[in-house]
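Visitor: I have the sequence and the model open side by side. Could you take me through how to read the features one at a time?

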Amino acid sequence: MLKYHSTRGGESNKSASHCLLQGIGSDGGLFVPAELPKLPELEYLSSLTYSQLAATVLHLFFNEFSYETLLDFCQKAYSTNFAPPQLANESNKKQIDNEVNDQLNTETKNSAEEASAQNPPVILQKAGNAHFLELFHGPTLAFKDMALQILPYLLKEATIKQESNKEIVILTATSGDTGKAALEAFKDIEGIKIIVIYPKSGVSPTQRQHMITQEGQNTFVLALEGNFDDAQNAVKEIFNDKEFNLRASQNGLALSSANSINIGRLVPQIVYYIWAYLELVNKKEIQMGEPINITVPTGNFGNILAAFYAKEMGLPINKLICASNQNNVLTDFFATGTYNLERPFLPGISPSMDIIISSNLERLLYHLAEGDTDLVCNLMNDLKNKKQYTLPTELLAKLSSFVAGFASEEETLITINEYYKKYNYLLDPHTAVAAHVYEQYKEKSNDSTKTIIAATASPFKFAQSVAKAIELESYETHDEYSTIDALAKTTNLETPAPLVGLKNKPILHKQTVTKENIKQTISQILESN
Ligand SMILES: *Cc1c(COP(=O)(O)O)cnc(C)c1O
């Protein structure tokens, strides 16, 4: 059975279910697999449906669970919750023919299985020189759905393995997006409750509307008087409150978080890079075995780390291109080996990448250092005490498969404009950052390796910035809802289903809390249900 260690050495040889439930190591480190598994033959993988591929990869990491169980989870997670547009190309036509044949030949087939067999949750779209891997066709229109939609199943299975009969309470503070993605993922899942706390004055009108109209018997959304830091601190305080946890435990409850450093968030992200590679082969863009580059718009370093894992597992990847926005701490790190926190925090048009501490980088350091946890501890202590660390030179040399760059706000808007005008392809600001950095790299390096760019959010999710970038008429006088409508009309794209009718949905969550009464309110929620 594959075991896990903490990057800081405080926990070793732990089971996957332990790591899934605990989320973060008790020493503050991140859980990493004791060794990275190797992929089966690519030819074999190319014969699988998306769900079968996902179950195969998940089983390599979580072999404490059976393949059949994982396949069932993947089929549930990646079927009707994702609605990528149908592409009218050859391979699709073939699929439709098969579908007709299947319907003639097969009498009984589980409908979720069928849906996931025929329609992968992601698609690959070519624009200019690059292939965009669209990861944003889930319920909250961003790539985090790809992992969050399956996480509840993994957590529930983990409680069974840990022989815990406790009900899981997911408690999350959100600045807008993660909270909604978690609510969508955990709604109406038996044995789990989810409580999301958002800063009353710190989210956009559509983000608020998304959360307060959330359906599901087990969902609770609280508006906190204060900012995001207040919300986060309130949640941290509850997690650290021994008495609160003890009482919860006595009532048959276990607090948990759906935090992005959970190993259960990372592994499902490896799958789509493998799928995209095989799709390039399928489309005859590359030969089987030919290396590709992957560009990822990066914040917390989770998504690009998944691509690094895919490479280490044997997927033919040449360069991993790490794209940052104006908060370019990672660009500097890859150039110099020094990670320096002392810089201004610049909020901008790609907010999900506005990050100064990229938590998942710690996992990369651990792998580069070949499991030298003392070294990782020293670097992390430097970061805490001196606000910076510098890699030893032999480790810096090992970063050669990474390329890093960044896009300014201006460059991001120009990129959206150019891709729309030149290729009739609409980018969201996060994906545009990646497209800019890819083009910059291509020009400088003359590297013509076929490249996949992770497209992490729907342009409709950031309609105001996109409208500005493509110079949509009078966008400034529109509210967000009318901008979405105008954008759909101008571009001839369909408004994604999760945004349709949002304005008029019934409000189901009205409760407001303060720093003073939040703990009491949460106790009441837990005791009354
Ligand atoms: C979270 C997010 C990112 C950054 O991903 P990391 O895994 O944190 O590096 C990029 N784009 C979008 C739209 C996101 O939501």
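Visitor: Is Asn446 buried or exposed?

Guide: Relative accessible area decides that: buried means under 20%, exposed over 50%, and partly exposed in between, with a 1.4 Å probe and protein chains only. Asn446 has a relative accessible area of 69%, so it is exposed. This is a predicted model, in which local features need pLDDT of at least 70 and side-chain atom pairs count only at pLDDT 80 or more, while totals for chains, interfaces and linings use all residues. Residues are numbered from 1 along each chain as its sequence is written, and side-chain values use heavy atoms, with hydrogens and water left out.

Visitor: Where does Asn446 lie?

Guide: Helices (H or I, at least four residues) and strands (E, at least two) are DSSP runs, numbered from the N terminus. Asn446 sits in the loop between α20 (429-445) and β14 (451-455). Its phi is positive, about 60 degrees, although Asn446 is not a glycine.

Visitor: Which other residue has a positive phi of about 60 degrees although it is not a glycine?

Guide: Leu141 has that backbone angle. Leu141 belongs to the loop between β4 (130-134) and α7 (144-148). With 4% relative accessibility, Leu141 counts as buried.

Visitor: How many residues of α8 are buried?

Guide: Eight of the eleven residues in helix α8 (residues 151-161) are buried, so the helix is largely enclosed by the rest of the structure. Among them are Pro152, Tyr153, Glu157 and Thr159.

Visitor: What caps the N-terminal end of helix α12?

Guide: Look for a polar contact: a pair of N or O atoms within 3.5 Å; within protein, one must be able to donate a hydrogen and the other to accept it, and residues adjacent in sequence count only if both atoms are side-chain atoms. Asp241 caps α12 (residues 242-250), with a side-chain oxygen 3.1 Å from the backbone nitrogen of Glu243.

Visitor: Which backbone oxygen does the side chain of Thr521 reach?

Guide: That of Asn517, at 2.8 Å. Thr521 is part of helix α23 (residues 518-528) and counts as buried at 8% relative accessibility. Contact means heavy atoms within 4.5 Å. Leaving aside neighbours within four places in sequence, Thr521 is in contact with Leu222, Gln511 and Val513.

Visitor: How many aromatic pairs are there?

Guide: Rings of Phe, Tyr and Trp (its six-membered ring) pair if their centres lie within 6.5 Å; planes under 30 degrees apart count as stacked, over 60 as edge-to-face, and the rest as tilted. The structure holds 19 such pairs. One of them joins Tyr50 and Tyr78 edge-to-face, at 5.5 Å centre to centre and 80 degrees between the planes. This pair links distant parts of the chain, 28 residues apart: Tyr50 is in helix α3 (residues 50-61) and Tyr78 in the loop between α4 (67-77) and α5 (90-105). Tyr50 and Tyr78 are both buried.

Visitor: Why is the pair of Phe334 and Phe402 stacked?

Guide: Because the ring centres of Phe334 and Phe402 are 5.0 Å apart and the planes meet at 20 degrees. Phe334 lies in helix α15 (residues 329-336) and Phe402 in strand β13 (residues 402-406), 68 residues apart. Ring pairs join both to a cluster that includes Phe61, Phe301, Tyr339 and Tyr389.

Visitor: Which residues have the most contacts inside the largest nonpolar core?

Guide: A nonpolar core is a set of buried Ala, Val, Leu, Ile, Met, Phe, Trp, Tyr and Cys residues joined through side-chain atoms within 4.5 Å. The largest has 115 residues, and Phe61, Phe62, Phe186 and Tyr273 have the most contacts inside it. Helix α13 (residues 263-282) gives the largest share of this core, 14 residues. Another core, of 42 residues, lies apart from it and includes Met353 and Leu427.

Visitor: How many disulfides does a search find?

Guide: A disulfide is a covalent bond between the sulfur atoms of two cysteines. The cut-off used here is a pair of cysteine sulfur atoms within 2.5 Å. A search of the whole structure finds zero. For Cys377, the closest cysteine sulfur is that of Cys19, 16 Å away, too far for a bond.

Visitor: Which residues come nearest to the ligand?

Guide: A residue is near a molecule or strand if one of its heavy atoms lies within 4 Å of it. Of the 14 residues around the ligand, Lys144, Gly299, Asn300, Asn303 and Thr456 come nearest. A polar side-chain atom of Lys144 is 2.5 Å from a ligand oxygen atom, and a backbone N or O atom of Asn300 is 2.7 Å from an oxygen atom of the ligand.
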